Structures are given as C-alpha cells and as structure tokens.
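Colleague: I'd like to learn how to read salt bridges in a model like this one. Could you take me through it?

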Amino acid sequence: MSIKRILIANRGEIALRIHRAAHEMGIETVAVHSTADADAMHVRLADHAICIGPPPAADSYLNHAAIISAAEISGCDAIHPGYGFLSENEKFAEIVEAHEIKWIGPKPEHIRTMGDKVAAKKTAGALGLPLVPGSAGAVSDLDEAKAVSAEIGYPVLVKAASGGGGRGMKVVPEESQLESLMSQAKSEAKSAFGDDTVYIEKYLGNPRHIEFQVFGDGEGNAIHLGERDCSLQRRHQKVLEEAPSPVLSPEERDRMGEVCAQAMRDMAYRGAGTIEFLWENGEFYFIEMNTRLQVEHPVTEMITGLDLVREQIRIAAGKPLSLTQDEVTFTGHAIECRINAEDPFTFAPSPGKVTAYHPAGGMHVRVDSGLYAGYSIPPHYDSMIAKLIVYGRSRDKCIMRLRRALEEMVIEGVKHSIPLHQELIKQDDVLSGDYSIKWLEEWLKEREA
Ligand code: MV4
C-alpha cells in the first residue's frame with residue numbers, strides 16, 4: 001500500500017519538484033536521465049541515479065523498456081511521469097501497472113479517452129460539462145460538415161481528433177471555403193498524427209482560456225481546486241498564468257468547479273486532472289481535458305496552500321483525498337512567469353552555460369528551477385529553465401511583488417524571458433486583467449513594429 005521509492009520519469013524543474021514532495025513525505029527517489037543530463041540538479045539530489053540513454057528523448061525519456069528496467073533494478077514501487085514525455089501515454093501507464101509498479105497518474109482508460117478529442121468531448125457532454133456547439137462526433141464527409149456548419153453558423157473551426165497544440169486546426173469563414181480547408185485540416189492531421197479524423201466546432205473569436213484543477217481518488221470521490229487563467233500564450237505555449245482568473249466571481253467559480261468535480265465523481269477519475277474551457281461573455285465551453293499534473297500547478301498551490309504532488313502520491317498509494325470540498329479555501333492571488341532560455345525578442349532558443357544565477361527570494365516568492373551557476377543548459381529539450389511564482393493578498397499586490405522579484409532575479413550566460421515578463425506586466429491590459437487568447441500575439445506584433 002505505502003510507497004517507499006519513486007522513480008521520476010522526467011527531467012528539469014518538474015523532476016526536482018517531484019523529488020522535493022517525495023523527500024518531504026520520507027520517500028526515496030530514483031532519477032533516470034540521459035547522458036545530456038548527468039549534471040542536472042535533480043540527478044544530484046535524488047537518492048539514486050540511472051543513466052537510461054543518449055540525449056534524444058526518443059532514446060531516453062521516452063524509452064519504455066529502459067525506464068521499466070531502471071525501476072525494477074532500483075526497487076521502485078512507483079513511477080511519477082511529471083508532464084510531457086510519457087505522462088499521457090496510456091500504453092506506458094498500462095505497462096507500469098502490469099509490472100505491479102504504482103502509476104502516479106490517472107487510470108489508463110481515462111488517459112486514452114481524453115487523448116482522443118472526439119471521445120473526450122462526448123464523455124464531457126455526457127457528464128454534463130458545457131460544450132462548444134458543433135458536430136456530435138467525427139465528421140465523415142463534406143455533406144455532413146456543411147449541414148453541421150450551417151446549423152451552428154460560420155465561422156466554424158475544423159479540429160483534428162488526435163490534435164492538441166493547435167495542429168490540424170482550420171478556421172472556416174464561410175461555406176465556400178469548407179471543402180478546401182477541411183481537406184487541408186485532414187491532410188495535416190494525417191501527417192502529424194497518422195489519423196485524419198476531424199470534428200467541427202463553432203469558432204469562438206475572442207475567448208479566454210480558463211482551466212479547472214481537479215483531483216479524484218479513483219473510487220468516486222473528487223474535488224476541484226478552482227481555476228487558472230492561461231490566456232497569455234504564444235504559439236500555444238503559455239507565457240504567464242494566474243489564479244484566480246480576473247473574470248470569475250466566487251459564485252461562478254463554485255458553480256463551474258462543482259460541475260467539474262461532479263463529472264470526475266461520475267467517472268471515478270483518479271489523480272490530478274485539468275479540465276480546459278474557453279470562456280466568452282460569461283459562458284464556459286469545454287475543449288479538452290489533460291490527464292496529468294500541469295506546468296502551472298504552483299499558482300493553484302499558492303492560493304489553496306496544498307501540495308499537489310503530495311496529493312498525487314497519496315492517491316497512488318491508495319489513500320483518500322486529504323481534504324473535502326468544504327475544506328478547500330482560496331486566498332489571495334498568484335502569478336507564474338515561465339522563464340525560457342530564449343531570445344526575449346525573436347524567441348530563438350538560447351542553450352548554453354549559465355555563468356551566474358541568483359534566484360529571486362523573499363516573502364511569497366517561489367522559484368522552481370534546476371539551474372545553478374556553471375550549469376550548461378542542453379540544446380536537446382524544452383527551453384523552459386525556471387518558473388517564478390509569486391503570491392499576494394490581492395492581484396495588485398501580487399503584481400507589485402512580481403515586479404520586485406523579476407528585478408532581483410539574475411541569469412547570465414544565456415538569453416532568457418525575464419525582460420519580456422518585465423515589459424509584459426507593465427501593459428495596461430495585463431494590469432487590468434483585460435486580455436484574451438489573442439492578446440499576447442497581437443501585442444508582440446505591435447512591439448516588433
Ligand atoms: C478553439 C478556439 C476557438 N474556438 N475552439 C487551440 C488549441 C486547442 N487546445 C484548442 N484551441 C482553440 N480552440 C473553438 N471552438 C481557439 C483555440 C485557440 C486557443 C485556445 C486556448 C489558448 C490559446 C489558443 C490560441 C489559439 C487558438
């Protein structure tokens with residue numbers, strides 16, 4: 001029942017994050033790493049470290065056999081996948097469980113359902129979540145696409161069932177363009193995912209991206225931990241996230257959160273999940289569900305006081321949720337800035353040696369990062385090198401503290417996004433919370449001009 005040693009099947013700040021939660025629970029950790037990550041902070045801190053392959057992720061962090069062998073050899077009784085890599089791979093989750101190793105994640109069947117966007121939408125609808133108007137499922141031919149689109153009205157959006165990250169998505173302004181844009185969406189989906197299944201939705205022109213954090217025990221108990229507003233994105237990469245959303249009242253949060261929690265009770269969901277919505281003119285529309293811990297989970301931790309990784313580990317060990325919905329409280333405001341090793345103007349990656357590093361500190365300031373002076377950021381992986389998370393009693397106080405923390409933080413030797421964040425939090429629309437999913441890219445265009 002209890003977990004004694006966790007294999008961390010990830011790298012970077014999230015590997016460190018998982019190590020910290022485990023050690024605070026008296027659980028040992030085993031780091032697995034590629035040859036490029038031998039000097040990483042989480043590898044140094046873990047109780048044991050096993051090299052599982054060369055730098056390309058396909059040969060190391062995605063290598064099922066190497067990771068399972070490492071778990072067996074080192075006597076791990078659980079695997080935490082973090083985010084990305086194998087975190088939403090239902091086959092890997094099944095293999096882990098077949099080896100009688102605890103999977104610190106959702107049931108494989110739920111990972112599978114939510115990975116198929118058409119199945120996810122059908123499931124969400126059946127569970128009572130509000131959907132974007134559109135086709136009831138996959139659209140098989142042009143006549144069906146025309147009928148659905150005429151019914152909901154143009155513009156419509158053609159989406160890939162295997163999609164995510166915006167690939168294989170086409171906005172169709174009017175019927176005359178449906179045939180060509182649908183076939184483009186299908187061929188893009190076919191080459192990107194090996195699956196040309198598409199579905200159709202009403203295109204929302206100016207929504208916000210608001211996501212609810214949920215947790216279930218796998219036996220029909222579930223809670224929600226409120227929402228995060230992640231509307232500030234560039235090319236489907238989040239740049240800054242905050243909780244609570246500037247646009248939700250406590251009543252709207254309770255109402256929508258409860259709809260989410262009830263849906264998770266009805267499906268006997270296990271572990272951490274995020275239910276993503278588009279929000280426009282006071283209405284929520286389900287788009288997708290992520291069956292993993294997310295990068296931006298710390299903003300939820302800051303306003304609830306809970307350790308979400310600890311909660312995940314407890315659930316995997318068969319323990320009940322550590323609190324009831326009535327015991328969940330939301331206090332103050334939190335903002336996370338993602339700091340990437342990239343040029344803050346061109347966004348070109350900037351790997352290399354960090355010659356000086358000084359994280360921000362002080363009251364209500366958290367830095368999740370594996371950086372240290374002398375560390376070389378390898379070129380093989382995601383460019384996110386740190387997350388700065390700041391809390392304040394109010395949104396205004398949070399932004400004042402964020403400004404102070406960004407000023408304090410020093411990263412030398414590589415280009416990074418701190419200057420971008422400093423500029424961003426001076427913008428009137430960001431200060432007032434008046435932004436949609438289109439805001440950041442439009443601002444970046446003006447900034448370039
Ligand atoms: C949409 C949409 C507008 N209308 N669906 C982008 C990726 C995928 N997760 C869903 N996405 C969108 N779906 C309808 N019916 C606009 C987007 C979208 C978006 C969503 C969230 C955050 C940033 C975005 C950037 C561009 C498009």
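Modeller: A salt bridge here means a side-chain nitrogen of Lys or Arg within 4 Å of a carboxyl oxygen of Asp or Glu. The general idea: side chains of opposite charge can pair when their charged atoms come close. Keep in mind that this is a predicted model. Take Glu227 and Arg253: they form a salt bridge, with the closest N and O atoms 2.7 Å apart.

Colleague: Which elements do Glu227 and Arg253 lie in?

Modeller: Glu227 is in strand S10 (residues 222-234) and Arg253 in helix H9 (residues 250-266), so the pair ties together parts that are 26 residues apart in sequence.

Colleague: And is Glu227 buried or exposed?

Modeller: Glu227 counts as buried, at 1% relative accessibility. Arg253 is buried as well, at 8%.

Colleague: How many salt bridges does a search of the whole structure find?

Modeller: It turns up 27. One of them joins the side chains of Arg17 and Asp307, at 2.7 Å from N to O. Arg17 belongs to helix H1 (residues 12-24), while Asp307 sits in the loop between helix H10 (297-304) and helix H11 (308-316), so this pair links parts 290 residues apart in sequence. Arg17 is buried, with a relative accessible area of 7%.

Colleague: What about Lys117, which residue does it form a salt bridge with?

Modeller: Glu288, and the closest N and O atoms are 3.9 Å apart. Lys117 lies in helix H6 (residues 117-126) and Glu288 in strand S13 (residues 283-290), so parts 171 residues apart in sequence are tied together. Both Lys117 and Glu288 are buried.

Key: Residues numbered from 1 in each chain as written. Predicted model: local features only at pLDDT ≥ 70, side-chain atom pairs only at ≥ 80, totals over all residues. Heavy atoms only, no water. Helix = DSSP H or I, 4+ residues; strand = E, 2+ residues; numbered from the N terminus. Buried < 20%, exposed > 50% of the residue type's maximum accessible area, 1.4 Å probe, protein only.
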